[in-house]
Amino acid sequence: MNRIHHCYCQSALWKRRVESELMPWALGGTTLEGPALEIGPGPGVTTNYLRTRVPSLTVLENDPGLAEKLAAKFRNTSVQVLEGDATSMPFESGTFRTVFCFTMLHHVSSPSLQDRVLAEALRVLAPGGTFLGTDSRTSFLMKLFHCFDTMVIVDPATLPQRLRRAGFTNEHIELSDGAFRFRATRSQKLH
Ligand SMILES: C[S@@+](CC[C@H](N)C(=O)[O-])C[C@H]1O[C@@H](n2cnc3c(N)ncnc32)[C@H](O)[C@@H]1O
């Protein structure tokens, strides 16, 4: 993330938006089951919201500096922080009941790498597990925030077919101003 973006992701403004709008919307109607994994936690605003609501939370962040700060921030909690890449996750297949992914996919540098994240989310989920999250839609502000930064916007119209191609079922996408939420299931049947 560039400096402006990094500051925004840990600002009071973002924290308020995450806690009052994004997370209640993203998690609405879902029974949160653990063990759970959050990919791309960044400075940990979403992690902090999740940690008291989900039994057993692990987070995977590929930026070494952020991973180190997260480990310090959540040292006295039950959150397990790992540095690693969501395109190649360091977990056994079927480890988690839930995988979360908030405002992260557009930071993955190509559609094919994003598809690897989807495939990995499926692999590390147990049968019947849920993959859910949010991401940003394209806008002038988004472009401004991502100057000299990775921004590969996910088109919510094509996400259902990408999720299906990865092996998910029951995919569900919903749009709001500036964002979309998604949810999909790993089928009970093992592939
Ligand atoms: C915009 S931040 C979102 C942070 C947080 N989820 C939130 O909504 O406040 C996206 C994060 O995803 C991380 N990220 C990007 N690609 C990743 C990958 N392949 N594996 C793990 N984390 C990744 C970035 O380093 C960044 O910290």
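Strand β1 (residues 36-39) pairs with β2 in the parallel sense, over 4 bridges; strands and helices here are DSSP runs numbered from the N terminus (E, at least two residues, for strands; H or I, at least four residues, for helices), and two strands count as paired if DSSP finds at least two bridges between them. Within this pairing, alanine 36 stands opposite leucine 57 in β2. The model is a predicted one, in which local features need pLDDT of at least 70 and side-chain atom pairs count only at pLDDT 80 or more, while totals for chains, interfaces and linings use all residues. Residues are numbered from 1 along each chain as its sequence is written.

Valine 59 has valine 81 as its bridge partner in β3. β1, helix α3 (residues 45-50) and β2 form a right-handed β-α-β unit, where right-handed means that, with the strands pointing away from the viewer, the path from the first strand over the helix to the second runs clockwise. A right-handed β-α-β unit is also made by β2, helix α4 (residues 64-73) and β3.

## Burial of β2

How many of the 5 residues of strand β2 are buried? The count is 5 of the 5 for residues 57-61, so the strand is largely enclosed by the rest of the structure. A residue is called buried if 20 or more other C-beta atoms lie within 10 Å of its own, exposed if 12 or fewer do, and partly exposed in between, with C-beta atoms placed from the backbone.

In a regular strand the side chains alternate between the two faces of the sheet. In β2, Leu57, Val59 and Glu61 on one side are buried, as are Thr58 and Leu60 on the other, so that both faces are covered. The C-alpha atom of alanine 72 is separated by 38 Å from that of threonine 158, which is 86 residues away along the chain.

## Surroundings of the ligand

The ligand is surrounded by 22 residues, the closest being Gly40, Gly42, Asn62, Ala86 and Thr103; a residue belongs to this shell if its C-beta atom, placed from the backbone, lies within 6 Å of the molecule. α3 and β2 are the elements that give two or more residues to the shell.

By residue class, the shell holds 12 nonpolar, 7 polar and 3 charged residues. Ala, Val, Leu, Ile, Met, Phe, Trp, Tyr, Cys and Pro are taken as nonpolar, Asp, Glu, Lys and Arg as charged, and the others, Gly among them, as polar.

## Backbone features in the loops

Most residues other than glycine have a negative phi, and most peptide bonds are trans. The peptide bond from glycine 34 to proline 35 is cis, with omega near 0°, and proline 35 lies in the loop between α2 (12-27) and β1.

Serine 56, in the loop between α3 and β2, has a positive phi near 65°. It counts as partly exposed, with 16 C-beta neighbours inside 10 Å. Threonine 103 also has a positive phi, of about 50°, and is found in the loop between β4 (96-102) and α5 (111-124). Threonine 103 is buried, with 20 other C-beta atoms within 10 Å.

β4 and strand β5 (residues 125-136) run parallel and are joined by 6 bridges, with cysteine 101 opposite glycine 133 in β5. Together with α5, these two strands make a right-handed β-α-β unit. On β5 there is also an antiparallel pairing with strand β7 (residues 179-186), over 7 bridges. Here glycine 133 stands opposite phenylalanine 182 in β7.

## The chain as a whole

The chain has 7 helices and 7 strands, in the order α-α-β-α-β-α-β-β-α-β-α-α-β-β along the sequence. Its radius of gyration is 15 Å, close to the 16 Å that the globule rule gives for 191 residues, so the chain is as compact as a globular protein of that length. The radius is taken over C-alpha atoms, and the rule is 2.2 Å times the number of residues to the power 0.38.

The C-alpha trace spans about 45 × 40 × 30 Å along its principal axes. Buried residues make up 35% of the 191 residues. Of the contacts with a separation of 6 or more, 65% are between residues 24 or more positions apart, a contact being two C-beta atoms, placed from the backbone, within 7 Å.
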